[in-house]
Amino acid sequence: MDHAQNEGLSPEVVQAIYRILETPANTPESDPFDGLADGFSAVRILNEYFPNEASLERLDEVGAQLAATHRQLQEEVDSLQEELKRSQDPDRMSIIQEMISDLLGQMSRIREKATESEAVVRNITKDIQVLDLVKRNLIHSTTTLKRLQMLVNALTQLEDLMKEKKYSEVAQKLAAVKQISATFETYTGVPRIARLWKRIKDIQGQLRNQLEEDFDNFFIQDPNKQIKATLIGEACTVVDVLGVQMRHHIVDRFVALEMKEYRRIFRTNDEAGQLDNLSRRYAWFRRLISSFEIEQGRVFPAEWKVGWHLLAKFAEITRDHVTTLLTKIGPALTVKALLESIQITLEFEASIAKKWVTPFQDILKATDVAHSQPGQSITSIFEPHMNIFIDAQDKQVISLFAMTCIPDALTLDQCASLSTGQPLYDLANLHKKWLRIYAEEVLTLGAAKRPPSQIRKSVETRSDTELLKQTCLVINTADYCQTTALELEEKIKEKINPEFKEKISFQAERDMFVSTISAAIGVQLREFELTCDPAFITLARTSWATVSQVTGPSAYTGELVKAAEQVTELIKPLIEQKKYLRNFFDKACRYSRALTKTASRLEALLKVIVTPEDPAEGFILNYTLLIGDASSLSFQKILDLKGTPKSIQNTLHDSFLSITSTKTDLESASFLSSLDMDPPTTGAIGGSLLSPGGSRLSLPLNAAGSDSIFAGLSAPSPSGPPTGSSASGDARQNEPSKQVFSDFRRFVSFGLRKDSTPPS
């Protein structure tokens with residue numbers, strides 16, 4: 001089958017043909033001419049037969065092989081066609097269809113025979129199945145009748161035992177009756193069973209009444225009706241058989257009888273029931289428990305936990321009474337009375353928890369009933385009135401505000417021992433409030449704190465010792481406060497209830513103390529600057545016109561070092577945390593580095609300016625070494641500062657361009673690029689001096705005013721238009737020759753530019 005014949009066939013049909021003809025589908029070992037897939041390629045097959053020129057010698061052999069293959073395929077095709085003709089013979093197809101019909105008929109007859117056989121077997125075993133059912137019903141009936149007889153006998157025996165009050169045997173018989181009667185619950189529609197069921201209920205009711213009477217006589221201890229403790233002990237086993245409700249009923253009756261006396265003695269309108277007699281209530285209950293354990297406690301089973309029920313009822317009544325008393329007292333309630341009541345109650349609850357080796361609230365939860373408040377301790381009733389304690393703490397902090405605002409650990413522990421809920425959260429907010437007030441109103445330090453008569457002048461050579469000491473004290477105190485605030489936050493989170501933990505945060509207050517520390521360091525830096533001002537004034541008043549060359553250290557440098565040491569040596573031993581001292585030194589060093597950078601630029605500028613123009617090559621080489629750029633504009637600024645005549649400037653520019661064109665290592669710009677040759681003439685020149693104010697700290701500025709170190713510096717008249725001016729060269733030539741520092745104002749302005757401010 002070639003490709004043309006295969007075009008209209010789907011892949012599923014092709015695979016089916018392969019399976020029928022048992023032809024492998026394009027396997028490597030198959031004959032390439034057997035492929036029915038679209039991948040058949042005559043070129044590929046020829047390449048396989050003749051992979052190279054040498055293989056052409058086998059042409060005849062391959063031709064003979066292909067001819068043999070062709071004959072074989074033709075024979076197969078002829079054979080298949082002949083077989084197909086035989087298969088399509090109508091007579092043969094009719095025979096096959098008749099055979100299929102016969103086969104279906106036989107299958108139907110077999111199915112009918114199987115149904116008949118099943119019916120015969122069912123008829124044979126029918127009697128046997130009936131007999132099995134009768135046997136099961138008979139056995140069940142016999143068993144039920146036996147149980148019914150046992151139940152009737154057990155009820156009769158139970159009534160006799162009840163009359164004799166043999167409660168130990170009553171408990172056993174009652175348990176047996178309840179177990180047997182459970183099997184008859186579905187037969188209550190039968191009259192006899194219904195009558196028997198009613199009899200069981202009546203007997204149980206009689207037993208309950210009898211037990212209640214015996215327990216009441218035992219509780220009251222009536223001399224005329226003495227009840228032995230052993231009898232009540234056996235009766236408790238009967239109560240357990242009757243069920244949990246009966247047990248609760250007996251326990252509640254006992255608790256109610258015991259608490260009746262408590263209600264009578266400690267009425268809220270009597271003296272014994274007042275808040276100042278709270279300790280008498282707890283003493284009464286301790287005596288009650290002691291008496292109970294000696295007498296009735298030995299009778300009741302331990303799993304009944306009657307003592308716990310007594311405590312729960314006592315706590316409930318006490319909560320109601322104390323709530324009434326607190327409401328009645330109202331605003332007249334004092335902190336002392338509140339705290340004493342809470343302390344007494346806490347001690348009572350702790351003693352009870354220790355006695356029964358169980359937390360107080362767990363005891364209350366274990367004895368909860370539907371009408372009670374689950375697990376609510378006696379101390380919980382004081383929580384709504386804890387605002388009195390919080391207000392008292394607020395007043396106490398006010399009275400001690402001048403000394404300290406740090407929260408008292410005893411106050412925190414005291415509040416936590418009283419309540420770990422809303423009151424402790426309110427106390428935390430109170431501490432946060434006073435921490436903020438302390439940071440804002442006590443530790444804040446600024447220029448406004450200094451009286452006007454004490455404002456420093458720039459000419460003062462000594463630092464303000466008291467101010468520096470005060471800033472050190474502020475830093476130490478603020479650091480202690482922010483550390484304590486963190487410890488306070490952790491301690492409160494450790495004690496407070498889970499629902500308040502996420503609300504507790506002293507981060508804002510800690511940030512305020514950190515800001516206070518930063519402000520104090522800023523004041524120290526300002527004082528450092530003011531102390532150094534006289535040295536800069538000396539620098540500004542130096543007669544630079546008489547200076548002809550660069551010499552050794554100037555006189556003002558020693559004064560500057562001495563002033564700096566005066567401040568640093570004073571604060572160094574006074575700051576406890578050295579990290580803040582390092583912070584101060586880092587900022588001072590940035591100030592120093594900025595001044596050094598500016599001074600080095602000024603020094604380079606001076607060295608270039610004082611260099612003679614002749615020879616021009618030496619002057620220009622000195623410029624390239626010190627300034628390091630190839631900018632004609634910057635070179636022009638140097639010539640303007642030197643006051644070089646216009647005629648010489650042109651020659652120097654030509655030489656500058658010639659020399660710098662051969663130096664590829666020079667930059668295109670330098671610090672001279674930002675030099676303003678025509679700065680403002682108003683204001684003090686020293687007004688833009690670098691200072692610690694350029695740091696991130698916002699310093700309280702003391703009014704230096706016109707006392708800035710360059711305030712007294714007078715600017716000489718301009719030597720002409722600035723670089724880049726449109727003025728004519730002839731006008732410049734008619735002006736007198738300028739001295740080296742004739743335009744000193746522009747020179748100084750360069751060193752004071754804002755763009756050389758140190759990084760903050």
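Visitor: Is the crossing of H5 and H6 left-handed or right-handed?
Guide: Helices (H or I, at least four residues) and strands (E, at least two) are DSSP runs numbered from the N terminus, and a crossing is left-handed if the near helix is turned anticlockwise from the far one by less than a right angle, right-handed if clockwise. By that convention the crossing of H5 and H6 is left-handed.

Visitor: What kind of model is this?
Guide: Residues are numbered from 1 along each chain as its sequence is written, and side-chain values use heavy atoms, with hydrogens and water left out. Local features need pLDDT of at least 70 and side-chain atom pairs count only at pLDDT 80 or more, whereas totals for chains, interfaces and linings use all residues, since this is a predicted model.

Visitor: At roughly what angle do the axes of H5 and H6 cross?
Guide: Axes are lines fitted to C-alpha atoms, for helices over the stretch in contact, with angles from 0 to 180 degrees between N-to-C directions. On that basis the axes of H5 and H6 (residues 167-181) come within 9 Å and cross at roughly 150°. Angles under 35 degrees count as roughly parallel, over 145 as roughly antiparallel, 65 to 115 as roughly perpendicular and the rest as oblique, so H5 is roughly antiparallel to H6. The angle asked for is therefore roughly 150°.

Visitor: How many nonpolar residues does the contact of H5 with H6 have?
Guide: Contact means heavy atoms within 4.5 Å, and the residues that meet include Leu 151 and Leu 158 in H5 and Val 170 and Leu 174 in H6. Ala, Val, Leu, Ile, Met, Phe, Trp, Tyr, Cys and Pro count as nonpolar, Asp, Glu, Lys and Arg as charged, and the others, Gly among them, as polar. By class there are two polar residues, three charged residues and, as the number asked for, nonpolar residues to the count of 11.

Visitor: Which residue forms a salt bridge with Glu 159?
Guide: A salt bridge is a side-chain nitrogen of Lys or Arg within 4 Å of a carboxyl oxygen of Asp or Glu, and a search of the whole structure finds 18 of them. Glu 159 lies in helix H5 (residues 90-164) and its partner in helix H7 (residues 191-220), so the pair ties together parts that are 40 residues apart in sequence. The N to O distance is 3.2 Å, and the partner is Arg 199.

Visitor: What is the relative accessible area of Glu 509?
Guide: The side chain of Glu 509 meets that of Arg 436 in a salt bridge of 2.8 Å, N to O, linking helix H19 (residues 507-540) to helix H16 (residues 422-442) across 73 residues. Buried means under 20% relative accessible area, exposed over 50%, and partly exposed in between (1.4 Å probe, protein chains only). Arg 436 is partly exposed at 32%, whereas Glu 509 is buried, with a relative accessible area of 2%.
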